[in-house]
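Work through the exercises below with the model in view. Try each task before you read its solution.

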Amino acid sequence: MTIDYRDGAGQGPLLIFQNPRSGDRDVQQVRDTIEAEVHAAGRQVSFLRHAAGSNLQQTFSAAFAAASRCNGTVVVAGGDGTINVAASIAVERGQAMGIIPSGTFNFVARSHGIPEDTTEAVQLLLRGRPRASRVGRINDKLFLVNSSIGSYARLQQEREGFKRTIGRSRTVASLAAVVSALRVSPSMRLKLDYRGEEQTVNCSTLIMCNSRLQLELVGVNTLPAQDADELACICLSPVGVRMQLAMIWKGWQRQISEADEVDSFLFDELAIELSNRRSRIVTVAVDGEMHRLALPLRVNVSDKPLWLVRPPVNAEVATA
């Protein structure tokens, strides 16, 4: 049964899952800070263990089941990929969750006004309440930040290799982007069906974005309203190595919308088909994690929100 958290429910213990492989923060220091803040507030906290032989889905399923029994809240101290796994279960169960940002970019947390500072994030968990937040869906996968195919998806896959080799930081991620751009990206011929119209486009990458912050950081002007059921689609035309490097530079300068090679639009539902392709399976990056999904890809706003402990925005302020 879906729970309506507008009544302020979920004031029991905090059930914390820490991903030690997310970001470059000291795991023990983060844990000590969490415990100190929660105990000072007179609340209870427990840290979840990732049992040997189980996967993250199983770990989080057990965690949300435990939280429902004690009126508690599952909290993820990790990056966007780990948060996505927990959020997918939270959305389906209609339960609330919280975030303590511990990843490289922390787009989910930053997009929802959740502080990157651990102490401030814990204070928000203790004083805030769950609020309904928009979630994107591509086939059977949910995304909080973005999903993509083409060169941007390849970049995200290669970035993980860089992180494993030389560390996890935003500088490393930027270096990975430059190295990835030194190879020509293959062109994709796509059929896009949205708002009852079908069009064919040639592009090297297609990004479906749910994060206003990520779009703002690279200078995209087509921004979904924070309280609207819409997503943004970014399409990059096929370009050579020199232009790919120029696009990265424009992104750093927050000037992507000034490039003629970039097109963007808002949508609530989108169907994507790849022309002249034998395989009906395509590699898709979903919040930084790679998945093999069947064509056609169907992208839309989930009919179920994510109940996330976060500050209020827009009209929510009046009812806070």
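**Exercise 1.** Find how strand 4 and strand 18 pair, and over how many bridges.

*Solution.* Start at strand 18, residues 306-309. Strand 4 pairs with strand 18 in the parallel sense, over two bridges. Two strands count as paired if DSSP finds at least two bridges between them. Next, look for a facing residue: leucine 308 in strand 18 stands opposite methionine 97.

A note on the model: it is predicted, local features need pLDDT of at least 70, side-chain atom pairs count only at pLDDT 80 or more, and totals for chains, interfaces and linings use all residues. Residues are numbered from 1 along each chain as its sequence is written, and side-chain values use heavy atoms, without hydrogens and water.

**Exercise 2.** Trace the link between strand 3 and strand 4.

*Solution.* Strand 3 covers residues 73-78 and runs parallel to strand 4. Five bridges join the two. Helices (H or I, at least four residues) and strands (E, at least two) are DSSP runs, numbered from the N terminus.

**Exercise 3.** Are the residues of strand 4 buried or exposed?

*Solution.* Take residues 96-101: six of six are buried. Buried means under 20% relative accessible area, exposed over 50%, partly exposed in between (1.4 Å probe, protein chains only). Then sort by direction. Ala96, Gly98 and Ile100 point one way; Met97, Ile99 and Pro101 point the other. For comparison, 50% of the chain's 320 residues count as buried.
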